[in-house]
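Please look over the structure below before reading on. The briefing covers a helix and a pair of packed helices.

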Amino acid sequence: MSTARQHAWAERAADALAAAGYRRGGARRAILDLLDAQACALSAVEVQAALAGRRREVSRASVYRVMEELAEIGLVQRVEVGQGVVRYEAVREGHGHHHHLVCDSCGRLEPYSTDCPERAIERASERLPLEVSEHEIVLRGACRSCAPS
């Protein structure tokens with residue numbers, strides 16, 4: 001992925017936050033850059049740990065606040081994975097939409113993509129009195145490491 005393409009979401013998100021009246025700051029920018037580099041959703045705890053690994057200390061309260069600001073303006077989506085855990089994922093335009101597999105034992109989250117549900121949702125939305133703007137499919141079970149042999 002090119003550097004320009006890689007940072008497109010972070011730049012768009014920074015501009016949208018500024019337009020919504022939020023100040024630009026180091027913690028916000030660090031979170032945006034981290035989310036831009038992720039292929040899948042992260043919890044606030046994982047965001048905080050990843051930033052600490054980059055030598056950027058950000059309080060968990062700040063992480064939650066920025067995530068909620070981003071969700072409020074539609075730049076991240078909340079992914080409810082159960083067991084009281086919420087993860088956050090950058091909303092990107094175009095391809096790259098995926099769903100999630102969640103292990104009920106260890107909490108592992110894996111992205112997956114397939115055209116079948118996408119086509120079914122598209123056909124259903126043509127018949128329903130609802131224009132589908134978003135959807136999320138979460139498949140739950142035991143991952144290969146946790147499943148009984």
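Which residues of α5 are buried? They are Ser62, Val63, Val66, Met67, Glu69 and Leu70, where buried means under 20% relative accessible area, exposed over 50% and partly exposed in between, with a 1.4 Å probe and protein chains only. Seen down the axis of α5, these buried residues fall within an arc of 160°, so they line one face of the helix; the arc is that of the directions from the helix axis to the C-beta atoms.

This is a predicted model, in which local features need pLDDT of at least 70, side-chain atom pairs count only at pLDDT 80 or more, and totals for chains, interfaces and linings use all residues. Residues are numbered from 1 along each chain as its sequence is written, and side-chain values use heavy atoms, with hydrogens and water left out.

**Helix α5**
- Helices (H or I, at least four residues) and strands (E, at least two) are DSSP runs, numbered from the N terminus.
- The face turned away from the buried side of α5 carries the exposed residues Ala61 and Glu72.
- The buried residues of α5 pack against α2 (8-19), α3 (26-36), α4 (44-53), β2 (76-82) and β3 (85-90).
- Just after α5, Gly74 has a positive phi of about 80°.

**Helices α2 and α3**
- The axes of α2 and α3 cross at roughly 145° and come within 8 Å; axes are lines fitted to C-alpha atoms, for helices over the stretch in contact, and angles run from 0 to 180 degrees between N-to-C directions.
- Contact means heavy atoms within 4.5 Å.
- Residues making the contact include Trp9 and Leu17 of α2 and Arg28 and Leu32 of α3.
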